[in-house]
Amino acid sequence: MIVAGIDMGSLTTKVVILEGNNILAHHIHILISSKEGVIDAQKAIDGALRDAGLSFDLIQYIVSTGFDRKSVAFANKQRTEASCLAKGAHWLFPSARTVIDVGAETSTTLKLNEKGVVEDIQGNDKCAAGAGIFLDAMAELMQLSIEDFSRLSLNAKEKAKITNTCVVFAESEVISHIHKKPSVPKNDIIAGIHESIVERIIGLSARIGINKDVVLTGGVAKNIGFVKALEEKMGMKVSVPDEPQIVAALGAALIAQSYVSPRE
Amino acid sequence: MKMEEFIKAVEGRLQHLKSYSTRKSQELYFELLLEYYQAINKAKQEGKPLALVGVFSPKEIFYAMDIVPLDASFHLTYVGFIGGCEVFKDYLEAAAGYGLPIETCSIHRILIGMVIKEAISPPDFIVGTSHACDGEIKAFETLTDLCQCPDYFLDHPYRADAEGVEYYKREMEGLIQFLEEKTSQKFDFNKLKEVVELSKQATDLYRQINEMRKAVPAPMGSGEFFGILLLYNILVGTPGLVKYFEILRNEIKEQLEKGPTLDRENFRVVFLYSFPFYAMEFFEWMEQEYGVVDVMELMSTFGYTEEEMEPSSPLDTLAKKSFYQPLVSPIVGSTDNFVITALRIARDYRADAAFFGTHIGCKEACATVRIVKDTLRRELGIPTYVIDHDPLVPSVTPPDVIKTKFEGFIEMLEDLKLEQEQ
């Protein structure tokens with residue numbers, strides 16, 4: 001039985017094709033200018049099918065998730081990101097009790113029980129300062145690729161103080177650190193930026209409590225500097241999936257499986 | 001939106017309702033609202049003073065002097081309800097131009113912007129209170145400065161004890177003296193007793209309605225209950241409000257006999273504190289899409305007391321009511337009031353979950369979020385959904401974002417229910 005999960009994020013569409021316990025393929029489609037979710041979903045699923053060497057008609061059930069999930073006309077069912085993240089994270093890390101997802105424009109924290117059922121949710125307020133787009137803006141400001149930006153903070157000796165309330169304020173603070181005499185080392189500025197977003201996300205997560213084990217998902221989980229800052233601040237180890245961006249799509253695929261073969 | 005434009009919008013809403021509404025109370029609501037605003041608009045022409053008053057002020061005292069009080073905060077809420085919150089953009093800009101930072105409560109910024117843009121006629125005097133909202137005191141002082149008019153502030157005590165009641169009674173006596181001076185009218189205590197009698201009738205009916213709402217399933221769709229709170233607050237002490245509540249009470253009673261109006265009731269939710277007033281369609285959406293029903297709002301709740309109003313001692317009874325009336329009771333005094341009230345309504349109304357709207361410009365109740373959430377979870381095992389928003393500024397948390405986030409919460413409730421059933 002082959003099923004698929006599609007996560008329609010704000011900047012990327014992710015697809016996971018699943019057969020039993022095997023991920024046959026996953027595909028991340030970067031959205032550029034399309035305003036029609038269904039086209040992006042089709043492109044993403046076509047990419048995944050190509051990778052898996054499968055055709056669309058072999059997929060028995062499709063669940064879509066993410067902000068634009070309702071635009072996927074060919075999906076059999078829609079589920080919210082929270083349910084899908086929980087499902088995917090629990091499948092990958094059964095001991096997970098807290099899932100912190102930091103995507104491009106949103107961050108969400110989930111509290112799970114031992115069965116992986118969501119017991120509490122907290123989403124960020126409408127502010128880029130708690131999401132990946134904040135880090136993109138900062139990397140661009142410092143004329144670094146996001147990969148270099150992520151890595152450089154590991155060599156920081158100190159952390160520059162950066163506000164965690166507003167991207168605009170943070171930008172001017174970064175500029176003032178750069179132009180200081182002597183200027184603050186880039187590594188320290190980036191470490192400060194990571195710390196600022198981490199503080200904001202911990203503040204958000206603390207509203208529902210942070211319990212071990214913690215799983216970090218979403219594109220920002222690929223940022224090793226951010227992961228280190230998060231672990232330091234929380235004082236605990238964080239589990240990061242190999243492909244943290246596809247966890248919601250994976251969860252959607254797992255939910256799709258349950259619809260095709262519901263448990264007795 | 002100038003007052004004349006707003007009145008036209010209310011008239012339009014009333015005409016629209018008359019063409020499709022099947023409930024008399026809905027029509028009467030807008031008839032009363034129209035009368036209220038027409039009276040405010042005509043005040044100057046009739047040589048009556050225009051009083052701009054705070055949301056917690058004792059409206060009965062004004063009605064006893066034949067002054068129609070323009071409730072500043074609720075006026076904005078009505079403008080948002082009826083005219084749409086987009087109209088506030090100009091006022092927010094005007095307030096920003098006046099130097100008010102965006103961290104200031106949007107209600108106060110809009111109010112000040114409306115006065116600057118002359119969308120509210122300059123009042124003859126301003127009356128505020130210190131109930132729970134520090135922002136109101138400062139914003140009203142700014143308004144006084146802008147309007148160059150006299151003001152009076154009622155200092156409301158922290159504790160609801162005998163000393164507190166006596167203190168507030170003296171504060172209201174001071175208000176009466178202020179009004180006598182400003183209107184050159186002698187205050188008539190017999191008239192106040194009549195007004196307080198009407199206030200008592202409306203209050204008793206409101207309490208009855210709140211009791212009837214405990215029914216499972218809920219007697220009717222819930223979007224309008226926030227509106228009822230607004231009407232009570234601006235018209236308490238008038239005969240129209242009593243008539244409205246009698247009709248509404250009878251409609252709910254009839255509905256309870258007939259059976260619920262909603263097809264299904266999957267989850268009963270209590271609404272704590274603020275709500276994004278630009279997204280009132282949220283209630284119908286959550287009822288129809290998910291069978292989620294608002295069974296009670298914290299702000300519509302009376303404080304826990306058996307106290308009944310006593311019109312023969314009008315100031316004493318108004319002083320007591322100032323602690324237990326809706327809107328006020330959970331947020332005056334200690335955080336315990338908020339927590340205990342939230343717990344009480346969640347239990348009494350058999351809620352499955354709570355929705356806590358935290359108005360980002362308001363520190364009064366938002367500081368209690370964690371205590372309330374933890375208490376509801378610990379004592380009743382129910383989860384609380386917290387959403388940061390601004391009640392009058394949609395750009396902070398747009399309606400679609402609210403819905404999307406809430407859908408995740410509903411799925412969580414469904415999964416937890418399924419798990420319990422298994």
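Start in chain A with the open sheet of five strands, whose order is 3-2-1-4-5 and whose pairing is mixed. Strands (E, at least two residues) and helices (H or I, at least four) are DSSP runs, numbered from the N terminus, and two strands pair if DSSP finds at least two bridges between them. The model is predicted: local features need pLDDT of at least 70, side-chain atom pairs count only at pLDDT 80 or more, and totals for chains, interfaces and linings use all residues. Residues are numbered from 1 along each chain as its sequence is written, chains are lettered from A and ligands numbered from 1 in the order in which they are written, and side-chain values use heavy atoms, with hydrogens and water left out.

Select the edges of the sheet in chain A: strand 3 (22–30) and strand 5 (77–78) each pair on one side only. Strand 5 of chain A pairs with strand 4 (residues 59–65) of chain A in the parallel sense, over two bridges. To see a bridge, pick Val63(A); its partner in strand 5 of chain A is Lys77(A).

Next, show helix 8 (residues 247–260) of chain A. Helix 8 lies across strand 1 (2–8), strand 2 (12–19), strand 3, strand 4 and strand 5 of chain A, and runs at about 140° to strand 1 of chain A. Contact means heavy atoms within 4.5 Å; axes are lines fitted to C-alpha atoms, for helices over the stretch in contact, and angles run from 0 to 180 degrees between N-to-C directions.

Two peptide bonds of chain A come next. Lys181(A) and Pro182(A) are joined by a cis peptide bond, with omega about -10°; Pro182(A) is in the loop between helix 5 (167–179) and helix 6 (186–206) of chain A. A cis peptide bond also joins Lys212(A) and Asp213(A), with omega about -10°, and Asp213(A) lies in the loop between helix 6 and strand 9 (214–217) of chain A.

Move to chain B, where four strands form an open sheet in the order 2-1-3-4 with parallel pairing. Its edge strands are strand 2 (69–71) and strand 4 (151–154) of chain B. Neighbouring strands of this sheet are turned by 25° against each other on average, direction ignored. Strand 1 (residues 51–53) and strand 2 of chain B pair over three bridges, and Leu52(B) stands opposite Leu70(B) in strand 2 of chain B.

Helix 7 (residues 134–147) lies across strand 1, strand 3 (125–129) and strand 4 of chain B, at about 170° to strand 3. Helix 8 (residues 162–183) of chain B lies across strand 3 and strand 4 of chain B, at about 170° to strand 4.

Now select helix 9 (residues 189–212) and helix 11 (residues 239–258) of chain B. How far apart are their axes? The axes are 9 Å apart, at an angle of about 20°. Residues that meet there include Leu198(B) and Leu205(B) in helix 9 of chain B, and Phe245(B) and Ile252(B) in helix 11 of chain B.

Zoom in on Tyr273(B), which has a positive phi of about 65° although it is not a glycine. Tyr273(B) lies in strand 5 (residues 267–273) of chain B.

The rings of Phe355(B) and Phe406(B) have centres 5.5 Å apart and planes at 65°, so the pair is edge-to-face. Rings of Phe, Tyr and Trp (its six-membered ring) pair if their centres lie within 6.5 Å; planes under 30 degrees apart count as stacked, over 60 as edge-to-face and the rest as tilted.
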